[in-house]
Amino acid sequence: MLYRETGQFKTTYRADQAIFPILQDKIGVLAILAFAVFVVPFAADNYLLETILVPVLVFSLAAIGLNILTGYCGQLSLGTGGFMACGAFFSYKLATAFPDLNLILVFLLAGLGTSVVGVLFGLPSLRIKGFYLAVATLAAQFFLIWVFNKFGWWTNDSPSGVISAPPREVLGFVVTSSEAHPISKYLFLVVLVAVLALVAKNLVRSRIGRSWMAIRDMDIAAEIIGIRPLVAKLSAFAVSSFYIGIAGGLWAFIYTGSVEALAFQIDRSFQVLFMVILGGLGSILGSFLGAIFIVLLPIALNVTMLAIDPTFSVALVSDMEFMLFGALIIFFLIVEPHGLARLWQIGKEKLRLWPFPY
Amino acid sequence: MKPLHILTWLVGALVTIFAIGGLHWGLAQIGWISFFDWSFYFEVSAAGLLQGVMYSLVALGFVLIFKASGIFNFAQGSLVLFAALTMVGLMELFERDFGIRLHWVLAFILTVGVMVLVAIAIERLVLRPLVNQPPIILFMATIGIFYFVDGFGQALWGSDVKVLDIGMPIASAVSPLGVRMNVYDLIAAGVGAALVAGLGVFFQYTRIGRALRAVADDHQAALSVGIPLKTIWTIVWSVAGVVALVAGIMWGGKAGVQFSLALIALKALPVLILGGFTSIPGAIVGGLIIGYGEQVAENFIGLEIGGAIQDWFAYVLALVFLLFRPQGLFGERIIERV
């Protein structure tokens, strides 16, 4: 009844091509944003903020990055962890070398640095396709982690290899390291991620985004109609790595508060890939849904397992978690291979007709 | 492959090994690498090649499944772990509960049975509902299988390191032609060769093998001449399970059966893209190249730039090869149409 676009006429192409052509969508998104900014920080306790909302936001950003590459441009990548590590270490070097540099600028510069690395490792994509490329991107994953582990320069020669992120301020509030208050961390992340997501949404609707999708759907045909694969593929790698790099920086500076290469092993790559696939390939909304799902799933499994029988041994619980995680992934793929974003879309279609069956 | 073909490859391999040795010798002469010694080089090469056979064993399982169903099966590593865990677990179980020391051949046969059950379960529960989905979805599903099988194996049999003893010498070494080689690795290489030969005969001369090749060539055409696709997939996953078991025994006998076995799949991936996803000889040759390249690079160049380059060297090597042959060394030529 409420969700109906009857009577909302478009008189310009501009209005027709808007991000949210339906008024209810626009109001809904603004309401969610307002809720996230004004209500959540004061209603949620520190546990919810620190262990659920902050990682969800960081992962959403990484998932948007990978979605641009895999979902929009069709280049399967398993190097996400490596690129996140790039972002984290670039941010650390920048933040320690120029202590007065604005934190936002630090992250943006680290993202730019990561996108240069991403383009370098994206070069083989011009020649290699499909799963061959996926395995080739693993070279990035292992090589980058090795570089950060091996050379003390990246950690300013800290003997332990685990270094804590320096405290930095934005608008007078400390947002990084363990000194920061969870609310300021969360608010900073919400604003940053919302802006970057908006940019991403607009990018994929633009000329460059359309060329990515053409390459994804059939690269040879795209080439014939005049899209340059070199530009399209490498720009996808650059933009994707930019987002992933920023996510890596946020992970180290805001979520864990420590910069270490161990946090960005290949598991991380798979985790982000899961978010993208379960959330929905080629959907910005899907990146958020996937991140929420993958972050919450292990926590929910753990809590329910312990609620059923608190005497389970730790090893058994973790093994069972693995099993259930795998089984649920397969289940979701079978039920809805197009991801949670598609479920949401189906729900919206149903809502338009509700309460009438046709 | 024709004998002449094989001979060419053998001679080529020997020449390459000598050439790369010469290159390192040259580098040592101008002082870029600090240490080079021909007999050490040959030892490293032999160890690398034998290690490569072990990689091939894992890669073989990947190739079988990719050939028959076009699925990039990430779960192969966890199948290796699961097979080895099951075999050790069965042996321990019988010894503890019935007081019988199960001969490893019997345990092997029982485990093969278990792997066939696993294959049937995977076909029924995962592959059948996902028929006709894009490859990336099937790939994600195999990662799901990876997690499930990993957790299942360890929940069932425990997650501590187990010793798999099938009466093979682990530490002894022989030195034919003055090159020290580990006996265990030699046996493993022999087993690997026997397995490949067996699979070759199976694919070439049996009825099922012919059906498998038909399915690999073209699903629809195979279906239309009456080959039951679902049965074939079950068989392929079973064979891959048996290959995983052999690989698990070989790796597990050497390093103990533990979680890290599941991660050797990551080492098999560069082997796979180097040799080509669809070629059994490719898996072997790829394994040899990766094993050799990795050891030589680690022992000579790796020392100069800080060591532990084993983690990524295989991937970079494979990447370089791919730039020249995007379908791998032996992969079928990729023909694309619009």
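**Chatting through chains A and B**

Colleague: Let's start in chain A. What do the buried residues of α7(A) pack against?

Modeller: They pack against α2 (23-43), α3 (46-72), β2 (169-170), α8 (207-217), α10 (229-256) and α12 (284-308) of chain A. Bear in mind that this is a predicted model.

Colleague: Noted! Which residues of α7(A) are the buried ones?

Modeller: A:K185, A:Y186, A:L187, A:F188, A:L189, A:L192, A:V193, A:L196, A:A200 and A:V204.

Colleague: And how many residues does helix α7 of chain A have?

Modeller: Helix α7 of chain A covers residues 182-205, so to speak, with 24 residues in total. From its first C-alpha to its last it reaches 34 Å, close to the 34 Å expected at 1.5 Å a residue.

Colleague: Staying in chain A, at what angle do α11 and α14 pack?

Modeller: About 25°, with their axes 3 Å apart. Here α11 of chain A is residues 266-279 and α14 of chain A is residues 339-353.

Colleague: Are those two roughly parallel or roughly antiparallel?

Modeller: Roughly parallel: angles under 35 degrees count as such, and therefore α11(A) and α14(A) fall in that class.

Colleague: Which residues make the contact?

Modeller: On α11(A) you have A:I277, A:L278 and A:G279, and on α14(A) there are A:G339, A:L340 and A:A341. By class, that contact has four nonpolar residues, two polar ones and no charged ones.

Colleague: Nice. Switching to chain B, how many helices and strands does it have?

Modeller: Chain B has 12 helices and two strands. Along the sequence the pattern reads α-α-α-α-α-β-β-α-α-α-α-α-α-α.

Colleague: Why does the radius of gyration of chain B agree with a compact globule?

Modeller: Because a compact globule with 338 residues would have a value near 20 Å, and chain B has 21 Å. The C-alpha trace of chain B spans about 65 × 60 × 35 Å along its principal axes.

Colleague: What about burial and contacts inside chain B?

Modeller: Of the 338 residues in chain B, 47% are buried. Among its contacts between residues at least 6 apart in sequence, 73% join residues at least 24 apart.

Colleague: Last topic, the interface. How many residues of chain B are in contact with chain A?

Modeller: 39 residues of chain B are in contact with 34 residues of chain A. On the chain B side, the elements giving two or more residues are α5 (135-157), α10 (264-275) and α12 (310-324).

Colleague: Which of them gives the largest share?

Modeller: That's α5(B), with 15 residues. The chain B side as a whole divides into 30 nonpolar, six polar and three charged residues.

Terms used:
Residues are numbered from 1 along each chain as its sequence is written. Chains are lettered from A and ligands numbered from 1 in the order in which they are written. This is a predicted model: local features need pLDDT of at least 70, side-chain atom pairs count only at pLDDT 80 or more; totals for chains, interfaces and linings use all residues. Helices (H or I, at least four residues) and strands (E, at least two) are DSSP runs, numbered from the N terminus. The radius of gyration is taken over C-alpha atoms; the globule rule is 2.2 Å times the number of residues to the power 0.38. A residue is buried if 20 or more other C-beta atoms lie within 10 Å of its own, exposed if 12 or fewer, and partly exposed in between; C-beta atoms are placed from the backbone. Two residues are in contact if their C-beta atoms, placed from the backbone, lie within 7 Å. Ala, Val, Leu, Ile, Met, Phe, Trp, Tyr, Cys and Pro count as nonpolar, Asp, Glu, Lys and Arg as charged, and the others, Gly among them, as polar. Axes are lines fitted to C-alpha atoms, for helices over the stretch in contact, and angles run from 0 to 180 degrees between N-to-C directions. Angles under 35 degrees count as roughly parallel, over 145 as roughly antiparallel, 65 to 115 as roughly perpendicular and the rest as oblique. The expected span of a helix is 1.5 Å times one less than its number of residues.
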